[in-house]
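Have a look first, then read on.

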Amino acid sequence: MKKTLFLLVFFLFGVTLVYSQTRQITGTVTSSDDGVGIPGVSIVVKGTTAGTSTDSEGKYKISVQADATTLVFSFIGMKAQEVAITSNVIDIVMEPETRELDEVVVVGYGTSIKRELTGSISKVETKGLSEIPTSGFESAIQGKTSGVFIEQGSGKLGESIKMRIRGSSSISANNQPLYVVDGVPITTDNVGASSNQPTSPLADLTMSDVESMQVLKDASAAAIYGSRASNGVVIITTKRGKSGETKFNLNYSTGVSEPSRLMKWLNADQYIELFNEAMDNVTVDGLVLDWLPKDELWADQGKWNGIKEYDVDWQKEAFQKGKINKLTISASGGNEKTKFYAAINHDDIDGILRGNGMKKFGGRLNLDQVATKRFTFGIQMNLNRTEMERVENDNAFATPLQLVAQSPLTPVIDPLTNELNTNTIYYNSLISLRDSYNNTIVYRSLANVYGAYNILKDLTFRSEFGTDILDQREKGFFGRKTIGAGPAGEASNRSVRVINYNWENYFSYSKTFNTHDINLVAGMSYQESNTVGSNVEGKGFPTDDFQNIASAAEATAFSSWENGNNYLSYFARANYKLAEKYLFSLNGRVDGSSRFGVDNRFGFFPAVSAGWIISSEPFMEGIKKQLSFLKLRTSYGLTGNSGIPDYAHLALYQGVNYAGRNGIEPTQLQSRTLGWEKTTQFDIGLDFGLFNNRITAELDYYYKHTTDLLLYKTLPALSGYEGVWSNFGSLENKGLEFAIKSNNFTGAFVWTTDFNIAFNVNKVLDVDGAEITPNSLNYVIEGQPIGVFKMKKYAGVDPDNGDALYYLNAGSDETTNDYNLAEMQIVGSPNPDFTGGLSNTLSYKGFDFSFLINFVSGNMIYRDGGRYQSANADWFDNQTTDQMDRWQKPGDITDVPQARLGSSNGTKSSSRYLSDGSYLRLRNISLGYTLPNSIVKRLKVSSLRAYVSVLNLFTLTNYQGWDPEVNFTGTGRTTQNSNIIQGQDFYTVPQARTYSVGINLSF
């Protein structure tokens, strides 16, 4: 009994002791703006995982151990606070977090505080980008950054996307920016077959791995990258681990897609009416042309049991219901010595176009290790496998979208054979979808290892070695019934491997004394890229079941190639800050490239910039509540461009086979003096913040002048050469950029708005008076932007007779119905006048809502397919419904000429098919809900958020084609013509509208 009583007393004493070691803290968290309680504020005991959150009125209570000393209060959009536990009641007033000016920005070979920047650098907000249901990261950032124009070539998956930073700086050389991922300049050039649209190596990047993204726009920011910085630099940094508990995150989304826009086509009755009339209107010497009798003609198209039985919408046959599934699982954590981030991801996407799909699988591991007090090292590794199901290029009859040319009288399935119909006006590309495949598989490895040693307290040496290995394999098979592959099928195998490695070594010195701050960087870089490829094609297969090229009876083509380039560079930068308000920067880079002649192999690219934080001056004290920050900055510098083919400066020869004998033929002339394309850029900018930086904004004016253009000059055919690379000519870009961010509401209800707009004017200054055109549509002409449209100018329809009219001369109102007499004239530009975006983010009590609108204005698009689709029944292609508004009798006022079958009445290339490409698009809209902590704790997880989103919900435009965001470049695209060919649409797939739902889970 005594023993039992003793145990009971001991137990009660223990319980009392434990209870006495904890106490309960209560209080209320309110907003400094309106004094209203803030729900969902996180309260955590510092150094532990014990915590809670405020209720709907901002009240909280938390039990803490007796030795607890500090509570940490945090909430999105508010400044985090650490408060000492001095009583059992702690009330907190939270203030808005306006950290935009104090955030860290990644620059070349270092970081900087945004308020201290003297160059023009835009930091892209990456939060939420991984939730946007797209296949590439460029499309996810459209409209988010001023001065950055992004244009998807089509709605096909995995194809190249155009990005221009402050306009196009070159005519023949590369205009894409330099992409640097974790310090490694990566491969971004298309390595796919020229017989199809170019693929995008950037599609291999995983958006969920990205921690930050910076766009370096002016010469001061980009010159440290020297020879490849004329087109701007995009710096991407992936996620790193942080010390503390290991955190796991799971992000999953699924959705469906459909075309964002469709065109309207004639039904069977309209088709018969229009083409009957078109045949009746064709006369020869005053007599109606003796076509096949109409009933017999339509019966031949319908073929089976009369024409009224079929009314087919072939456009529907080209598209499918797209699907998208994206999964990312990541883990991060570590301690003071070791930090890690690891992730795996999987994307499974079916595009909106039949036969088009993409599957991606990848993994990442980032490790950082503090080995000693002086030495740290780390590694970043990323492996990806991307598989793309592709269709033929837009100009091929085998591509699905050319199905719209079929007559609506013709059935998809032949009822006599129950097979796909082969008795169509044009080739039925559904046969290619059934009997062929065209697959591309890419293996991509990005890796980087670094070591950093603190030589002195203020002096660090860092060495980095990075690799980018890209292996792309294309395999195609085309059955015997597909177009061009008869009588026994064709196949192809193509393989390309690019090994790109980069080694950098540099010193960093940072010192502060009194009112002086100095930061110095100096080092060297070596980069080498080697490409090896092969291609083999064969024909003649026993059956369509034998699809490997080894089964081919005959090899019809075979080739192989190797090429490479390297850069040796030395760079330095000096930043000086005086009294926290006067800023100066000087940087430069010496680059040597194997792509240039021995006489001009090295180039020097310097830049200088300065900034003045005016708001830090004593005379600003009286207005700092209203104008809380004001900085004036300016920069001037020189950058270069080396984006031309390898060996462009050399005299090249190749082996040939002639009549069974080997030989050598010259293929390229030597250009010994070929050197750098140079761009000087002046920038002046103003950064300001209002009302304690609740509103922040940036305004920039720039002028870019490019000289010694890397121009591919064509040569006369008699020379035996196509052309030669040379340094010749000049052009300019000048523009204005404005970006503003407003924290409209803070506290329980948070609302932020971002707006940006950019104007750019591009002009070719000197090409020795020549007019350069690769396609007789887009031209390079002095005094005009790159790629202007030059063609006959359409003047409408003669109301007396229905003839198409053209303006006889530029600037004249005189017209002619003789196409050959009309003068070729400049009729528009594919370059926009301005671009921009507007985004809003709102949150309240666990709910969050955001949307992004982007807009493009002033560019023209040539709808090349309109010569067949909207051709007033010039041939038997099905027509768009607007062709029913054709001229029919004298006095009719219309823009559609009289229908005349086979007469080319208004259907030749002219501005008739030139449309305004301006648009405003609701790019993305998202609604999410984060479960309260009280519920999340019961589920044993840290946080749980569910969301729904829509991509490309609607588009406002006057463009007459499928989609105004288009850039068909045709096959055989080359470096020297891709900048000129712009703004063309030829049966090009529209963008997808995608509806998706997803969850974000942390535990």
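Strand β2 (residues 42–45) runs antiparallel to strand β5 (residues 70–74), and 4 bridges join them. Helices (H or I, at least four residues) and strands (E, at least two) are DSSP runs, numbered from the N terminus, and two strands pair if DSSP finds at least two bridges between them. Ile43 has Phe73 in β5 as its bridge partner.

Both strands sit in an open, antiparallel sheet of 4 strands, ordered β3-β2-β5-β6. β3 (51–53) and β6 (81–84) are at the edges with a single partner strand each, so one side of each has no neighbour in the sheet.

## What the model rests on

This is a predicted model: local features need pLDDT of at least 70, side-chain atom pairs count only at pLDDT 80 or more, and totals for chains, interfaces and linings use all residues. Residues are numbered from 1 along each chain as its sequence is written, and side-chain values use heavy atoms, leaving out hydrogens and water.

## Charged pairs

The count comes to 50 salt bridges (a side-chain nitrogen of Lys or Arg within 4 Å of a carboxyl oxygen of Asp or Glu). In one of them, Glu737 meets Lys217, with the closest N and O atoms 3.0 Å apart. Glu737 lies in strand β40 (residues 730–745) and Lys217 in the loop between β15 (210–216) and α3 (219–222), so the pair ties together parts 520 residues apart in sequence.

Glu737 is buried at a relative accessible area of 2%, and Lys217 is buried at 4% (buried means under 20% relative accessible area, 1.4 Å probe, protein chains only). Both belong to a salt-bridge network that includes Arg166 and Asp700.

Terms used
Buried < 20%, exposed > 50% of the residue type's maximum accessible area, 1.4 Å probe, protein only.
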